[in-house]
Amino acid sequence: MTRGEYAAVDHGEWDRIKTRLKKEFGDSVFKSWVKPIVLDGMRNGEVELAVPTRFMRDWVMTHYADRIRALWANENPAVKRISIKVATGVAPSPSPGISGLSMPLRASTAQLPTPPTPQRAPVPFGSELSASLDPRFTFANFVVGKPNEFAYAAAKRVAEADEVSFNPLFLYGGVGLGKTHLMHAIAWEIRQRSPQRRVIYMSAEKFMYSFVRALRNQDTVSFKEQFRAVDVLMIDDVQFIAGKDATQEEFFHTFKALVDQGRQIVLSADKSPSNLEEIGDSLRSRLSSGLVADLHPTNFELRLGILDAKADSLGTEVPAKVKEFLAHKIASNVRELEGALTRLCAHAQLVGSSITLETAQDLLQDLLRAHDRKLTMEEIQRRVAEHFKIRLSDMSSARRARVVARPRQVAMYLAKQLTSRSLPEIGRAFGGRDHTTVMHAVRKIEELCRGDQAFAEDVELLTRMLEN
Ligand code: ADP
Ligand code: MG
């Protein structure tokens, strides 16, 4: 592989930046995080830095990269970006004698003649076994609302306590509600607070895979060894080991041994322990023996809060109306909600336009359709009829008396807001009315909501009920 065109690397710049960082962040941060960084090259306005481990890369990326970039841009306006890669051969902690020198570096391990034997001590523990942590998944980036406040508090407690608090902490909830986010947040927090505590985070699949491989290589002893020294073991998505008997048994033993030694365990699954099928009773009762905390489906406020936070982090102006629209329509899963917003922002940036309700509806058609199926117009009509104490049949009847006409308009309005049915489709569902009637209803309700607080609250309440 050629190295591409590099600009001359100016170590003087880097030295000055390091001095600044030391001043700003203090000695201990400097020693642990800045000193081991090696300047590897510069190309096309990008400064390339290298660190010895993936964990370090993630950490430096989230905590210091912005500052480093800013300082660099100050020193040298040609610098636009910095990148950090993991390169073996970067000494985790250079000896004092050579600390001033940057060593020439190979970018990839493949180029080294013989891979160095793994050195235990200086590398953060578990960095080979543990999956890498997503730098965005921190407590600070987790938006807390009613549906997740309990799980959040429990996770925070486990991360902040120096001693084992609940063992295990078992987090469960549906897809995309933040289980993995909270687990990573615990790992980040512990690594920051007490770097000496050894944390392993891995998926149950990886656990299973490593175990099966160990079995095949007749090496289960070293498999077990890896876990023996851990202080905090976190296994994500444990539903994957249900029904896999040998793995489950191994997991059970590992688990029991660690709990008995007073080590902290954190687990996640898509169901509560009692609803996990195909797991043995003894494991089940062990799983429930600590604290079981569930993440409830999101509500409107939480979704709105998440969209606010995400829009901020993307640095794109998103009109409140669009956020509300998304929070109404994409109710099932935070991942999809974020995906939708990212798509809108990316589109806006690419074509250089601003985000509007129309572009949102247009760009997200596929996603919105998929979500519609859950809420039918019939359901809307039924709920609204119940709320206003009229008959369901009046939703499609020809009666024009206000006591039925107004609720009918509310239902049409909600059908427009909460589903992606077209105006003619909605008209048909309401006794074959014309699309202009629906349009009129929507305008009327909007107008009433603006002028009449009590009415607006009624509509809002109905919206919430229909969404959950
Ligand atoms: P799970 O593991 O429960 O399937 P994840 O933790 O992977 O879900 O979350 C899916 C996405 O939604 C992630 O990008 C995560 O950051 C985001 N997310 C979920 N809940 C929240 C929250 N309360 N605040 C901010 N982001 C969240
Ligand atoms: Mg997950």
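Me: In which sense does α12 pass α13, left-handed or right-handed?
Reply: In this predicted model, the crossing of α12 past α13 is right-handed. The two helices comprise residues 320-329 and residues 334-351 respectively, and their axes come within 10 Å of each other.

Me: At what angle do the axes of α12 and α13 cross?
Reply: The angle is taken between the N-to-C directions of the helices and can run from 0 to 180 degrees. For α12 and α13 the value is roughly 145°.

Me: Which residues of α12 and α13 meet?
Reply: A contact requires heavy atoms within 4.5 Å. On the α12 side the residues are Val322, Leu326 and Ala327, and on the α13 side they are Leu337, Ala340, Leu341 and Leu344. Sorted by class, this contact has seven nonpolar residues, with no polar and no charged ones.

Me: Where do α16 and α17 stand in such a description, and how is their crossing handed, left or right?
Reply: The crossing of α16 and α17 is right-handed. Helix α16 spans residues 377-388 and helix α17 spans residues 402-418; their axes come within 9 Å and cross at roughly 145°. Met377, Ile380, Val384 and Phe388 of α16 make the contact with Pro407, Val410, Ala411, Leu414 and Ala415 of α17. By class, nine nonpolar residues take part, and no polar or charged residues do.

Me: Let us turn to the ligand. Which residues come nearest to ligand 1?
Reply: There are 17 residues around ligand 1, and those that come nearest are Val143, Gly176, Thr180, His181 and Glu338. Two helices, α6 (179-193) and α13, each supply at least two residues of this shell. The shell has seven nonpolar, seven polar and three charged residues.

Me: Which peptide bond is cis?
Reply: Most peptide bonds are trans, and most residues other than glycine have a negative phi. Here the bond from Asn167 to Pro168 is cis, with omega near -5°. Pro168 is found in the loop between α5 (149-160) and β4 (169-173).

Me: What is the phi of Glu278?
Reply: Glu278 is not a glycine, yet its phi is positive, at about 55°. The residue Glu278 belongs to the loop between β7 (264-269) and α10 (281-287).

Technical notes: Residues are numbered from 1 along each chain as its sequence is written. Chains are lettered from A and ligands numbered from 1 in the order in which they are written. This is a predicted model: local features need pLDDT of at least 70, side-chain atom pairs count only at pLDDT 80 or more; totals for chains, interfaces and linings use all residues. Side-chain values use heavy atoms; hydrogens and water are left out. Helices (H or I, at least four residues) and strands (E, at least two) are DSSP runs, numbered from the N terminus. A crossing is left-handed if the near helix is turned anticlockwise from the far one by less than a right angle, and right-handed if clockwise. Ala, Val, Leu, Ile, Met, Phe, Trp, Tyr, Cys and Pro count as nonpolar, Asp, Glu, Lys and Arg as charged, and the others, Gly among them, as polar. A residue is near a molecule or strand if one of its heavy atoms lies within 4 Å of it.
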